[in-house]
Amino acid sequence: MRKVRKQAGAHAEAAGDAPGTAAEAGGQGPIQLPPYETVALLLQGGGALGAYQCGVFQGLHEAGIQPTWLAGISIGALNSAIIAGNAPQDRVPRLIEFWETICQPAAGPSIPALIEHTLFNWHEEVRKSFTAYQAASALFNGQKGFFTPRLPPPIPALKSHPQEASYYDTTPLKVTLERLCDFDRINAKEMRVSVGAVNARTGNFSYFDNTKITLRPEHFMASGALPPGFAAVEIDGEHYWDGGLMSNTPLYEILQANPRKDTLAFQVDLWSASGRVPDSLHDVMGRVKDIQYSSRTRLVTELLQRTQRSRHMMRELLDKLPKDSEGEPWYRAAQEMACDKRYNIVHLIYHDKVYDGHYKDYQFGVTTMREHWQTGLQDIQRTLQHRDWLELPTNDLGFVTHDIHRGHR
């Protein structure tokens with residue numbers, strides 16, 4: 001454990017600035033939150049970009065903010081497993097161990113950290129070439145403790161078992177999750193955990209939730225089984241693919257939950273909806289991913305904001321009606337629709353670096369991972385300096401969003 005903690009500081013220094021704490025960033029002690037009934041951490045899918053989420057979690061942990069509900073898609077589901085599957089003091093070290101493992105090539109030696117760091121910071125063009133090389137390595141060699149290429153490669157038209165219909169084998173990931181996660185702890189419901197996946201047969205979206213079922217490594221792996229790279233994961237006779245195929249954000253699941261509760265949600269996105277117009281085919285490919293995987297967050301947020309406005313109006317109207325209306329069927333139906341709960345959505349969105357290419361979601365370089373992690377830590381530290389952003393909403397909607405890159409609305 002001590003070795004892992006020492007590695008955390010060394011890794012951050014290699015990426016640039018050594019990590020501080022959220023308390024230091026705000027100049028105060030641990031943050032005391034208002035009496036929210038739910039504090040949710042929502043982790044989007046995005047492959048190698050998921051290290052950004054770990055930096056955000058580290059900042060929350062150092063500020064004394066412990067989520068009561070974790071919800072993840074794809075790499076967000078894997079990060080959720082590591083967090084929920086460990087005691088609070090072990091969560092950051094285990095996340096470091098997980099990412100230090102999967103950012104090594106599955107075959108062949110890794111480049112020494114000093115050489116990688118030197119190449120990464122030598123020149124912008126060298127950096128881009130080096131990250132492209134690392135992405136190619138992921139495709140040809142796989143990533144340690146995560147996935148390996150199927151050899152010989154599958155023939156596209158040749159039929160096989162659904163769990164073998166992919167270019168890569170994720171058996172190593174199951175071993176890694178079993179090594180780093182205590183699934184008894186996850187299922188003890190210390191915090192609620194939900195991970196999303198798509199049923200490959202029906203096309204329906206499913207959430208695997210530890211308050212409803214017993215979660216196993218397969219549930220988290222299914223959430224990240226993006227075809228055709230990864231095969232569908234069989235669970236109780238059904239086969240599931242990556243939840244990002246349908247919805248890459250778990251925000252809707254959290255805000256539509258019943259019974260409704262006053263909620264503070266940290267929505268950590270790995271794809272930015274806004275960006276420059278691409279001027280090359282490579283940039284077009286990257287921009288398409290940004291739009292494809294980020295648009296649901298914006299859509300869901302706006303939809304729920306409008307819905308919450310209607311619920312609050314319904315609540316106010318019901319309060320003005322005569323008491324003898326309460327026994328009417330229409331009144332009871334309206335009462336179920338009405339809501340006076342409050343929702344505070346704090347967005348943390350990864351924004352592309354100069355060196356990011358269209359392959360940024362499968363470029364598992366150690367130095368890049370450390371920079372993503374450090375960026376997430378810095379973003380949450382800056383966010384937590386706005387202590388007023390954490391207050392229960394007082395506007396007519398009972399719904400507010402915040403984002404350090406856009407302010408609040």
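Rings of Phe, Tyr and Trp (its six-membered ring) form a pair if their centres lie within 6.5 Å, with planes under 30 degrees apart counted as stacked, over 60 as edge-to-face and the rest as tilted. All views show a predicted model, in which local features need pLDDT of at least 70, side-chain atom pairs count only at pLDDT 80 or more, and totals for chains, interfaces and linings use all residues. Residues are numbered from 1 along each chain as its sequence is written, and side-chain values use heavy atoms, with hydrogens and water left out.

**View 1. Ring pairs link Phe146, Phe147, Tyr168, Phe230 and Phe364 into a cluster.** The search of the whole structure finds 13 aromatic pairs. In one of them, the ring centres of Tyr168 and Phe230 are 6.4 Å apart and the planes stand at 80°, so this pair is edge-to-face. Tyr168 belongs to strand S4 (residues 168–169) and Phe230 to the loop between helix H10 (217–223) and strand S7 (233–235), so the pair ties together parts that are 62 residues apart in sequence. Helices (H or I, at least four residues) and strands (E, at least two) are DSSP runs, numbered from the N terminus. Tyr168 is buried at 13% relative accessibility, and Phe230 is buried at 12%. Buried means under 20% relative accessible area, exposed over 50%, and partly exposed in between (1.4 Å probe, protein chains only).

**View 2. Ser194 in strand S5 (residues 192–199).** Ser194 is buried, with a relative accessible area of 0%. Its side chain makes polar contacts with the side chains of Trp69 (3.0 Å) and Asp209 (2.6 Å). A polar contact is a pair of N or O atoms within 3.5 Å; within protein, one must be able to donate a hydrogen and the other to accept it, and residues adjacent in sequence count only if both atoms are side-chain atoms. Arg192 lies over the face of Trp69, 3.9 Å from the ring centre; for such a placement, NZ of Lys or CZ of Arg must be within 6 Å of the ring centre and within 35 degrees of the ring normal.

**View 3. The largest pocket, with about 700 Å³ of space.** Of the 35 residues that line this pocket, Gly47, Leu226, Phe230, Asp361 and Tyr362 are the closest to its centre. Helix H12 gives the most to the lining, with three residues. On a 1 Å grid over the protein atoms alone, a pocket is an open set of points with protein on both sides within 12 Å along at least five of seven lines, whereas a cavity is a set where a 1.4 Å probe fits but cannot get out; lining residues have an atom within 4 Å of a point. Grid points are joined across faces, edges and corners, and a volume is the space filled by probe spheres set on the points.

**View 4. Cis peptide bonds at Pro228 and Pro259.** The bond joining Pro227 and Pro228 has omega of about -5°, and Pro228 is found in the loop between H10 and S7. For the bond from Asn258 to Pro259, omega is near 0°; Pro259 is placed in the loop between helix H11 (251–255) and strand S9 (263–269).

**View 5. Positive phi at Ser74 and Lys189.** Ser74, although not a glycine, has phi of about 60°, and is buried at 11% relative accessibility. Lys189, also not a glycine, has phi of about 65° and is partly exposed at 45%.
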